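Trainee: I have a structure to read. Please show me how to go about it.

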Amino acid sequence: MNRRQLMTVLVASAALAASAASLAARPGGPDPAKQLQRMTESLGLFDDQIPQVEAILLEAHAARQQIGDSYTLNQRAEAREAMRALRDETDAKLSTVLTDEQQARMAELREQRKERRKQRRGKRAEQDTETDES
């Protein structure tokens, strides 16, 4: 094997390892403790709601990890669908604990996050276009 082939193999291996590490880190999703803290602050959870919400978040976190572990890269669509179903199930459980006002606030915050993501994507597309033109 010549130097060029060896370098290609090494670079490809490093890229694959980085990609695998990134994917391995994602399935669990957000840290339940941080998520609970954010929800407590932004939704004004009552003392009796906190342990109930925490149990729901911990259960969802474990389920996300299990989904991430059970699907391969070739099964992205199935994994995405399983994650959506889990999110819907988690939202349904949270709706039994949260007040109507808290649910409305959670929906509002979710829309704001969605809008920020959309704006970031637009900025990245602009940067990619500027880079391509250079």
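Mentor: Start with Gln102, which sits in helix α5 (residues 100–133). Helices here are DSSP runs of H or I, at least four residues, numbered from the N terminus. This is a predicted model: local features need pLDDT of at least 70, side-chain atom pairs count only at pLDDT 80 or more, and totals for chains, interfaces and linings use all residues. Residues are numbered from 1 along each chain as its sequence is written, and side-chain values use heavy atoms, with hydrogens and water left out.

Trainee: Is Gln102 buried or exposed?

Mentor: Buried means under 20% relative accessible area, exposed over 50%, partly exposed in between (1.4 Å probe, protein chains only). Gln102 has 4%, so Gln102 is buried.

Trainee: Which residues is Gln102 in contact with?

Mentor: Contact means heavy atoms within 4.5 Å. Leaving aside neighbours within four places in sequence, Gln102 touches Leu43, Gly44, Leu45, Phe46 and Gln49.

Trainee: How do I read a salt bridge?

Mentor: Look for a side-chain nitrogen of Lys or Arg within 4 Å of a carboxyl oxygen of Asp or Glu. This rule gives 6 salt bridges. One of them pairs Asp91 with Arg110 (2.9 Å, N to O). Asp91 lies in helix α4 (residues 76–97) and Arg110 in helix α5, so the pair ties together parts 19 residues apart in sequence.

Trainee: Where do Lys114 and Glu111 lie?

Mentor: Both are in helix α5, 3 residues apart, about one turn of the helix. Lys114 is partly exposed at 43% relative accessibility, and Glu111 is partly exposed at 48%.

How values were computed
Helix = DSSP H or I, 4+ residues; strand = E, 2+ residues; numbered from the N terminus.
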